[in-house]
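Biologist: Could you walk me through reading a structure like this one? I would like the general idea each time, and then the case at hand.

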Amino acid sequence: MKSHLFGNPHSNSPSSMLSTDRVESTRIQALHFFKADPELFDLIFVANATAAIKLVMDCMSDYSRSKESNGFWYGYHGDSHTSLVGVREVAGMESRCFASDEEVEEWLGHPERSPRAYGENLPNVEEKLRLFAYPAQSNMNGRRLPLDWPGRLRNTTSESREVYSLLDAAAFVPTGQLDFSDWKNAPDFTALSFYKIFGFPDLGALIVRKASGHVLKERRYFGGGTVEMVINGNANDAWHARKAASLHQMLEDGTSAFHSIAALQLALKTHRRLFGSMGNVSKHTCHLIRILHEEMSILYHQNGLQVCKVYKGTASEYGESRTQGPTIAFNVRDSNGNWIGKSDFERLAIIKNIQIRTGGLCNPGGIASSLQYSPTEMRENFDDGVRCGNELDEMHGKPTGVVRVSLGAMSSMKDIKRFMEFMQLFVEQTPSRAPDSKAVVQVKEVNVPTRCPVAACINIFGSREELLLKLWTDHGYREDVGNGIICGFQDKKQEKMTAVVALR
């Protein structure tokens with residue numbers, strides 16, 4: 001980018017033609033990265049995986065209109081990302097949430113069976129158009145789902161019905177080889193994000209089997225760059241002609257993110273130079289996550305209680321890339337069996353410069369299943385104030401979210417060692433005292449109290465005095481209050497005051 005001038009691809013100037021060439025060559029390279037034949041697949045650049053999912057949703061809706069239908073039936077796996085779940089609101093017909101892999105397997109044996117056979121209350125129409133969506137890998141706990149479902153669905157569906165598959169591969173592709181060399185058994189539509197693989201650029205893609213591309217061609221909306229001619233007017237005067245040379249010409253609205261696409265080409269080249277192949281990345285991360293899981297599984301307090309509660313798929317095996325990705329979802333208990341809040345855990349991780357994610361992770365089904373919440377309990381939690389990203393970490397004795405640690409191509413044994421050293425902060429080596437006399441650091445933010453072991457905070461700085469001095473020096477004031485000390489300080493964004501009380 002320092003040595004070339006890139007222009008809007010929708011022109012014939014030298015800078016524009018350079019952008020067009022770079023975009024098209026990157027498109028081909030990206031398809032090859034997933035072992036997809038450009039003669040059989042097309043790749044549409046979008047903002048992110050969610051944008052890819054929404055594009056399929058919009059096109060399916062318009063396609064159903066072209067067939068004079070009231071919409072399409074939508075089936076999705078219960079372990080889906082929120083973006084897949086949201087499609088149900090637009091499908092038009094009733095949707096079905098498959099609660100388990102076993103339910104999907106049973107349905108795949110009879111995919112033409114009417115959804116009414118499963119107790120669904122559908123309108124009195126024939127459900128010829130259907131879309132089945134699921135994740136290649138759970139974005140909550142990293143368990144991997146069967147990749148042969150799209151092919152099996154296609155092979156057991158008669159030509160009189162149209163049943164399409166949508167694969168959310170966003171969580172899978174950073175450490176797994178998405179292989180479309182067997183095009184007959186590939187998903188019809190695949191959504192993914194490149195930033196999850198390379199870190200940069202912020203770009204997504206929808207990969208489409210050209211044999212299923214006719215569904216997308218019925219989209220009603222058109223944007224700049226996707227049409228050959230447009231006539232403004234009313235009634236019979238309004239007219240337009242779409243570009244028809246390729247799917248991506250018809251669907252990439254407006255000016256493409258040509259600078260990001262140029263950066264993607266460099267990312268593909270750099271990734272290949274550093275790691276050789278996705279197969280190498282998969283083996284590497286599979287090995288590391290097995291070690292991390294083993295180390296976390298043997299963490300015990302001195303009284304024998306296990307420190308980590310890991311949420312793992314029943315068929316998943318750490319160290320086996322076919323069933324499990326390099327992700328661990330868990331919560332932490334103290335020696336009395338009390339949950340340590342995810343927010344407190346994350347605060348301590350931030351101090352140690354460890355990057356994790358906590359909360360609901362945009363996977364409502366996975367969270368509800370793992371934490372054993374019924375729909376009624378979820379609604380009650382909402383009514384009691386639980387919101388995405390807030391610090392109500394426990395309700396009625398259950399955590400409201402999880403901690404997630406993920407490994408990638410650049411992860412190493414050094415990272416595993418460092419994380420396990422951090423986890424030692426939550427292990428109590430001496431028999432715990434009664435809860436009412438246990439020393440704690442109590443953090444209060446906007447009247448939401450949370451608690452975490454004082455040992456964890458003290459161990460970070462070496463001593464209680466150093467902890468308090470650190471808070472005072474970096475963040476504000478200190479004053480003695482009875483047998484404790486209050487340190488008041490503002491967070492880094494200077495948005496709210498936090499009081500940390502250390503009780504002796």
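Biologist: Which residue forms a salt bridge with E252?

Modeller: That partner is R27, with 2.7 Å between the closest N and O atoms. The two sit in distant parts of the chain, 225 residues apart: R27 belongs to helix α1 (residues 14-33), and E252 to the loop between α7 (247-251) and α8 (258-275). Both E252 and R27 are buried. There is also a network here, in which salt bridges that share partners join E24, R27 and E252.

Biologist: And how far apart are the closest N and O atoms of K67 and E162?

Modeller: For the salt bridge of K67 with E162, that distance is 3.2 Å. This pair too links distant parts of the chain, from K67 in the loop between α2 (49-66) and β2 to E162 in strand β5 (residues 162-168), 95 residues apart. K67 counts as partly exposed because its relative accessibility is 42%. E162, at 16%, falls under the 20% cut-off and so counts as buried.

Biologist: Now for the rings. How should I describe a pair of them?

Modeller: A pair of aromatic rings is described by the distance of the centres and the angle of the planes. The count for this structure is 21 aromatic pairs. W73 lies in strand β2 (residues 72-77) and W107 in helix α4 (residues 101-108), so the pair links parts of the chain 34 residues apart.

Biologist: Is W73 buried or exposed?

Modeller: W73 is buried, since its relative accessible area is 1%. W107 is likewise buried, with a relative accessible area of 1%.

Biologist: What kind of pair do F98 and F132 form?

Modeller: Theirs is edge-to-face, with 5.7 Å centre to centre and 90° between the planes. F98 is in strand β3 (residues 92-98) and F132 in strand β4 (residues 129-135), 34 residues apart. Both of these residues, F98 and F132, are buried.

Biologist: Which residues do ring pairs link into a cluster?

Modeller: The cluster consists of W73, F98, W107, F132, Y134 and W149. A charged residue comes in here as well: R130 lies over the face of W73, 5.6 Å from the ring centre. Elsewhere, K398 is placed over the face of Y373, at 5.0 Å from the ring centre.

Biologist: Where should I be careful with the coordinates?

Modeller: Where pLDDT is low, the predicted coordinates should not be read in detail. For the protein chain the mean pLDDT is 87, and 82% of its residues reach 70 or more. Residues 121-125 have pLDDT below 50, and that stretch makes 12 contacts in the model beyond near neighbours in sequence. Residues 475-504 are also below 50, with 68 contacts beyond near neighbours in sequence.

Key: Residues are numbered from 1 along each chain as its sequence is written. This is a predicted model: local features need pLDDT of at least 70, side-chain atom pairs count only at pLDDT 80 or more; totals for chains, interfaces and linings use all residues. Side-chain values use heavy atoms; hydrogens and water are left out. Rings of Phe, Tyr and Trp (its six-membered ring) pair if their centres lie within 6.5 Å; planes under 30 degrees apart count as stacked, over 60 as edge-to-face and the rest as tilted. Helices (H or I, at least four residues) and strands (E, at least two) are DSSP runs, numbered from the N terminus. Buried means under 20% relative accessible area, exposed over 50%, partly exposed in between (1.4 Å probe, protein chains only). A charge sits over a ring if NZ of Lys or CZ of Arg is within 6 Å of the ring centre and within 35 degrees of the ring normal. pLDDT is the predictor's confidence in each residue, from 0 to 100. Contact means heavy atoms within 4.5 Å. A salt bridge is a side-chain nitrogen of Lys or Arg within 4 Å of a carboxyl oxygen of Asp or Glu.
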